[in-house]
Amino acid sequence: MDAVLTQRVPPPIGEWKLPDRGAMGIIFLIVTETALFTIFVVAYVVYMGKSLTGPYPKDVLDLPILASVCLLSSSVTIVFAETALKKHRLGMFKLWWLATIVLGLEFLVSTGLEWKKLIYEDHLTVSTNLFGTTFYSLVGLHASHVILGMCFLLLVMIVSLLGFPIETQERRVKFLSWYWHFVDAVWVVVFTVVYVIGR
Amino acid sequence: MSSVHSEVERPPVEEARFSFSNHLYDWVSTVDHKRLGLMYIVSGLLFFVIAGIMATVIRLQLAFPNGKVVDPDTFNRLFTMHGTTMVFLVGMPFVAGLSNYLVPLMIGARDMAFPRLNAFGFWIFLFGGCLLYFSYIGGGGLSGAGSAPDVGWFAYAPLTSRAFSRGASTDYWILGILVAGIGSIASALNVIVTTVSMRCPGMTLSRMPMFVWVMLIDSWLIIIALPPLSAAQIMLLVDRFLGGNFFNTQSGGSAVLWQHFFWIFGHPEVYILIFPAFAILSEVIPIFSRKPIFGKPAMVGAVAAIGFISLGVWAHHMFAVGMTSWSNTFFTASTMLVGIPTGIKIFNWTATMYGGKLRMDTPMLFCCAFLFQFLIAGLTGIMLATGPFDWQLHDSYFVVGHFHFTLVAGLVFGLFAGMYYWFPKVSGRMYNEKLAKWHFWLFTIGVEITFVPMHFLGFLGMPRRIYTYAPGRGWEFWNLVATSGLLFQLPATLIFVWNVVHSAIKGKPAGDDPWDAWTLEWATTSPPPEYNFETIPEVHSGRPLWDLKNPNDPDWRFE
């Protein structure tokens, strides 16, 4: 202690390393998006079973098994793509990346077909009843996030097919995959609330 | 001077750079955190003047019974736009502007983590503000005369439904605030990442200045509490444009749900607004008491506790809608809990002053007034937190008095303290101390005269938001007193504006460190260069400049 009190030069700082700002940025973006989704999920839960008129969820909703399997497995394929990129195996990267895009597209197509059935056959629209309002808002908010993620996935695909050295962007590809995992995790919540509990 | 420079050959391109359009281009295209911070603060001040003029008209209308200054519809628009502007277009840009300007300087960084996101945040905020004000022209929609939103700043359902709110005025309210909110979230995200990832070597979390700590927690609160408002506004858009039923009671929707969603945002929001004042006080009081802040860990803990508790108190705005008694009890208790960390803060600020060598310059004067006035505001807050008391005074002028005491007598005083304190750093020149003292005394007297009588009017039963009142209810006297406070507040504000503008051009050069301060922003020149620091500083204690100035007794020996 006395030695410290008479010391003239401060102790050296040593290695100074702070978290990657890109990683922090995407993590806090996910935090704020979670807050947004929470309110929509709460609204859905509050209005569950409060519709005054039909159609009701149990009459018109089918479990979107195929779409869910596709979206969740796209989280796996994007990890494979990432690993391939880390090992600089660009052919494998493009293949797995394409698989991710195809699986995501299949999810969007399934959602579109489901909405088409709901609108044209069951006559459920946003304004029909509370179920319609909350269902299209929550599922639509999630789908719009899938579409946004899909735009970025396509961007990466296109630039890497055009010969851009994508292996230099490993960090950014990683952050994009984190966002994609987040979108998948939200789907697990939406699926549970809308199709399991809400039915 | 010219003879010295005559030998230096100056390329003609340099001369052309100082044309007006180049200057404008520099500001519009800038990604420099200091310029963006200044633009946030200047636009906040502009909106402050606009909303202040609205408040003046409101007070003139209410000065005498049967007032005829404005008609009822205009009055509704005035209080809606006044409240919305003050919260979203004055308070929020000050949060963003102060943290933008100061956080990188205080942690020894050269810019924010995402400079372009920062510029995006500012311009989208300004666009949202302009969109809100465009409602005065476009609010009537294609059909005719324009009008501004008139649904109150919290826009309760079902008043906002198509049936009761025709034209596009409410849509301008929704979209303007939604867009401005995206800007606030972008800026808050940036502040968090900057503090987490951009600190200079040696700047550990425990050595971070209090200002940065408070703004970090403030930004954390913004990214959690603002999305609920955006979500509720998106739902309202679905209701208004797609015929949704979220807040449509006729098809089973709930108008109370809007209140819940709004206040889940709205109550943290008032802490988001007051935190910059906490941040400023925690820097100004130690410097002007010549003592390090008392109990810094407790102060940080108290701010974090306020931020945490504030997420669970929202329904104290809703005692009057008829919740269950369990809810009333819970929200009364949780609201009163806020008093404990706030008490810690006031105690620690006072303890910082205790035994210090006080310098009563203008920033310190504003801080002292803040302590008294914010204490009163907190006490009326505890009163209103009590469910049965709130049933008596809900939606009365007591509430108006309470929140104007927190936001004007509290927040605005903190902001003035901060603006005087950092003015020499930002402009490189010193403000006129004599005029600043005039500003302080006139403004303090005016604020007391205007807002104290509002509490009495509440006790006398005057509801908020009425556009006029009949004589003979005992409200005439206090209303006239409240309005007469303008005679002090308006000249005070004019003095402030004159002082800032005049001193920025003609003030005495202030030097790099006029206050003999301890945080890193005073280590660079005034105004700071674009790159902030020639070499990235290294810090060894919580008061790096103290270490430099007192090499025989540095702080790092005791950490």
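A crossing of two helices is called left-handed if the near helix is turned anticlockwise from the far one by less than a right angle, and right-handed if clockwise. The legends below refer to a predicted model.

**Figure 1. Packing of helices H13 and H15 in chain B.** The crossing of H13(B) and H15(B) is left-handed. Helix H13 spans residues 362-385 of chain B and helix H15 spans residues 397-427, and their axes lie 8 Å apart at an angle of about 160 degrees. Because angles over 145 degrees count as roughly antiparallel, H13(B) and H15(B) are roughly antiparallel to each other. The residues of this contact comprise 17 nonpolar and eight polar, with no charged residue.

**Figure 2. The side of chain B that touches chain A.** In this interface, 36 residues of chain B contact 31 residues of chain A. Helices H7 (169-197), H8 (210-242) and H9 (255-289) of chain B are the elements that each give two or more residues to this side. H8(B) provides the largest share, ten residues. By class, the side of chain B that touches chain A consists of 23 nonpolar, ten polar and three charged residues.

**Figure 3. The fold of chain B.** Chain B contains 19 helices and zero strands. Its C-alpha atoms fill a box of roughly 75 × 55 × 45 Å along the principal axes. The radius of gyration of chain B is 24 Å, which agrees with the value near 24 Å for a compact globule of 559 residues. Of the 559 residues, 53% count as buried. Among contacts in chain B between residues at least 6 apart in sequence, 81% join residues at least 24 apart.

Definitions and conventions
Residues numbered from 1 in each chain as written. Chains lettered and ligands numbered in written order. Predicted model: local features only at pLDDT ≥ 70, side-chain atom pairs only at ≥ 80, totals over all residues. Contact = placed C-beta atoms within 7 Å. Helix = DSSP H or I, 4+ residues; strand = E, 2+ residues; numbered from the N terminus. Nonpolar A, V, L, I, M, F, W, Y, C, P; charged D, E, K, R; others polar. Rg over C-alpha atoms; globule rule 2.2 N^0.38 Å. Buried ≥ 20, exposed ≤ 12 C-beta atoms within 10 Å, placed from the backbone. Axes fitted to C-alpha atoms, helices over the stretch in contact; angles between N-to-C directions. Parallel < 35°, antiparallel > 145°, perpendicular 65-115°, else oblique.
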